[in-house]
Each structure stands twice: as C-alpha cells, then as structure tokens.
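Colleague: I am new to this structure and would like to go through it with you. Could you show it to me?

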Amino acid sequence: MNHSRIRSSLLVLALIGAAACSRSDSPTTSSGDTSTTVRGSSGGDATALDAGGFGDLEAVCSDGDASGATASGVTDTEIHVGTVTDKGFTGAPGLNKEMYDAAVAFTKWCNDHGGILGRQLVLDDLDAALTEYEARVTEACATDFALVGGGAVFDEDPNGVRVACGMPNIAGYVVSAPARDAGLQVQPLPNPLRRINVGRYLATAREFPEGIKRFGIMASNIPAVTLVRDQLVETATSLGYEVAYQIDYAPSGESGWANFVADMQAKDVQVLEFVGQPASLTALNRAMDTAGWNPDVVLLSGNFYDDTYATESGAEAGNVIVQSQFHPFELASDNKATQDYLDLMADYNPSGKIALLGVQGVSSWLLFARSAAACGSDLTAACLLEHAAASPKWTGGGLHAPQTPGNTEPSPCWLALELDAAGFGVNAEVTRASEGIYNCDAENIIELTAG
C-alpha cells in the first residue's frame, strides 16, 4: 500500500496514568517537505475561548437572566450536572479519566464566562469504578439535572434508574445494547445498535484489489466487547471476508500472545481486527515482532489513537488503519476547535489528561451548553433533549466529522490514521476525503442484525 502521510513530530496525547501532559510551544506538522508551526496555548493568538465561544461556535457560555427552579438540579443561579467515568477502577486506574478532566476544564471555563445565561454549572464526579454504575446514577437522580460528557463500561442500568427518574443524558459514549437504545438521551456522536460505519473495511478491500479475504478477529472477553466483536464478524462476512480466525483473550493477565500469533500465521490471516485496549495490542505486537510475522493489515477503532500505544508499538505495529472521526491533534494548527481543546485543558485543568475521549466529552458539553441556553428560563429535560436532537451536522465546533445527534444515525464520515515509529499520521490516500479531511460516503454505513 502506498502511504500519503500528513504527520507531526508532536504527540500531544497524555501517557496513560500520567498526572499531566506537557507539549512544546512550537512543534511542527509536515506533509512532504512542507512544515507549519502548531500554536500552543502560549502562542499569543486570540481564540474563541476568550469570548466564551469554542471553535466555530459563538457565545457557548455567557451572562444572562435565565431563572427559575425549572427542573430537579436547576435553580435560579445553578445547574447541577454529573459526569460518569470508571476512573476509580483498581484494575485500570484512571480509566476514561480524561472525560472527567475535560468536564472540570469545561465547567470552569464556562462559569468564567457567565455560565449558561447566568446560571453557574456545578459538576458532580460520578465515578462508577466499573461496577457501580447504577449506584452513581441513583445518587445523581437526587441532585443533578443531567448527565453530560461521560461514559462507563458497564452502563446497562438494569433497573432503568436514570430514565425512571427523568434525568437526561447528553452522552460522552455508550457501550451496552440497553444503553445504546436508552430513552431521554442524545448522543452527540451516535453509536446505534444495528447500524455501523465500516469505512476501514471498504478501504481495505479497495487498497488490496487482488483481494485479501482471510479475516481474523481478537476481542477482549467482556460482555460489552463481545457485542462489538459479533457486529464486526457480521460486518466482515457481509463484505465478503472469510473468517479464518476468531478468539477472545483475557482482559488482564493474558499470557498466550505468542500462541495467538502462531495460530494466525498457520491460518494465513491477512486482515486482523483487534478489539480491546491499546496495552493488549502492544503485547500482541511484541509477539508478532518476535515471530517475524504480521498480517497484511490491522484494523482498529478510534480508541487506539493513543500516545502510549504509539510510543510502545509504533516501530512494530505493522500496517495499521485506525478509523477515526476526529480532527487529529497532530494537525491542531489547521483546526481552531482542536487547538481550543488543547488551550482549554492548558488554561483550566493543566494537570488533566489530554486524549481522544476528552475531546468526545467536550463535544457533549458543547451540545449541552448550546441546548440549555436555547431553553433559557424554560430549562427542562424535554426542552434540553429537543434542542440537542435538533442540531444537524453537529461537529462540536469543528472537533470532529459531521454528526446527526441522537441514538439512531451514525455518521458516514471517517478518516484513516496510520502508525509507524514516528507516530500517527493521516493516511490521505486510504481515506479518500470527500468532505474536508473526511470520507463521508453514504455507503460507509451498513445495517446489522447482531445485538
């Protein structure tokens, strides 16, 4: 495969487990022999953040005269909101911590600029620690107007606590089948149950015209991932791939990586989809490097756009296609919203973790703030959700590809990231952009039965 790279020497994602992220004031982004400077927060340029806007959105937060105790968690002067994460899970300390860190930065910034038409945001930390989702939601029902910008691995909410108490969710992300279909919810980046963007699969078939059809899939053995695995197997089969290898690995303590590699090599796996966490893929990459074997291409979802993975595996990752819907950090100089996220974190939560899920959380907060402001003194769950769902071509001010907020319509847009020893870069040739830097072909979406 020929690679057309747009890359940067800057990798601004925080290391997993690090308490802070540092970045250069003058990194460069290059394409071919051309380089440009990426402005850091100390670069001196005025941003929308200074006026309460973000990216291409104006007046996200501002003074005003909104008033009234219009809903639970809303008073004349305050709006109480909660962000769910699993950051306290002892098996993976700091799991999706970046979403809470982004919430801290956003609410501080918003309040500095008047809040939501004068009402200040009060943020509640809802740490589900992997196994306590229902308990945290129950607590939130007593104090918070809405959940915003968070997510949890075990988000099934088996007793329907959130919907029963009438609390809306402007979700950072959802995982389980019940959560994807839940009521009183708008996803800024929808992840519906039975429709999926398969851009990376179509691109693989296109980039290898002679055909590489022997497909393998490895997935972490937990229920939420099992659902994703089944959907991807259905995807591969429907697109003409032959499923030659399928295995679930232990989410922690797995020691069989060398055996997995030997099995895949023996079965001539050409295309591998790996589902799980970057640390697990790093272990597999090392086993592949030891064996001197890689599949022709490795397909990955956006959570593998991770600085630790790039640092530890970039030199041995092989031919990787990471499917993303976000403007890369490496190209922040080309995109005001991405730079605003970096500046938001630097100015309002400098010890917070910078990562892709943090950006996703900020998109949720922006949609919440815009929708709540539109309701003014009539702020209720119904009004909030009505305005949030009526935001066609939502991009989070330019943070990501256009979306149709809700629970049912995934975006057809995506871009391909590749990885080598120098880090991540946009693969423009594989992406074949049709709208900005994204490929937004309607054929990227297919219907599924799994789930």
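Modeller: What follows concerns the disulfides and then one serine.

Modeller: This is a predicted model, in which local features need pLDDT of at least 70, side-chain atom pairs count only at pLDDT 80 or more, and totals for chains, interfaces and linings use all residues. Residues are numbered from 1 along each chain as its sequence is written, and side-chain values use heavy atoms, with hydrogens and water left out.

Colleague: How many disulfides does a search of the whole structure find?

Modeller: The search finds 4, a disulfide being a pair of cysteine sulfur atoms within 2.5 Å. With bonded cysteines counted along the chain, the pattern is 1-2, 3-4, 5-6, 7-8.

Colleague: What is the handedness of the link of C413 and C440?

Modeller: It is right-handed, with 115° about the S-S bond. The sulfur atoms of C413 and C440 are 2.0 Å apart.

Colleague: And C61 with C110, left-handed or right-handed?

Modeller: The torsion about that S-S bond is about -100°, so the disulfide is left-handed. Both C61 and C110 are buried, which means under 20% relative accessible area, whereas exposed means over 50% and partly exposed lies in between (1.4 Å probe, protein chains only).

Colleague: Now S411: buried or exposed?

Modeller: S411 is buried, at a relative accessible area of 3%.

Colleague: Which backbone nitrogen does its side chain reach?

Modeller: The side chain of S411 reaches that of C413, at 3.1 Å. Leaving aside neighbours within four places in sequence, the residues in contact with S411 include N197 and I445, where contact means heavy atoms within 4.5 Å.

Note on methods:
Polar contact = N/O pair within 3.5 Å; in protein donor to acceptor, adjacent residues only side chain to side chain.
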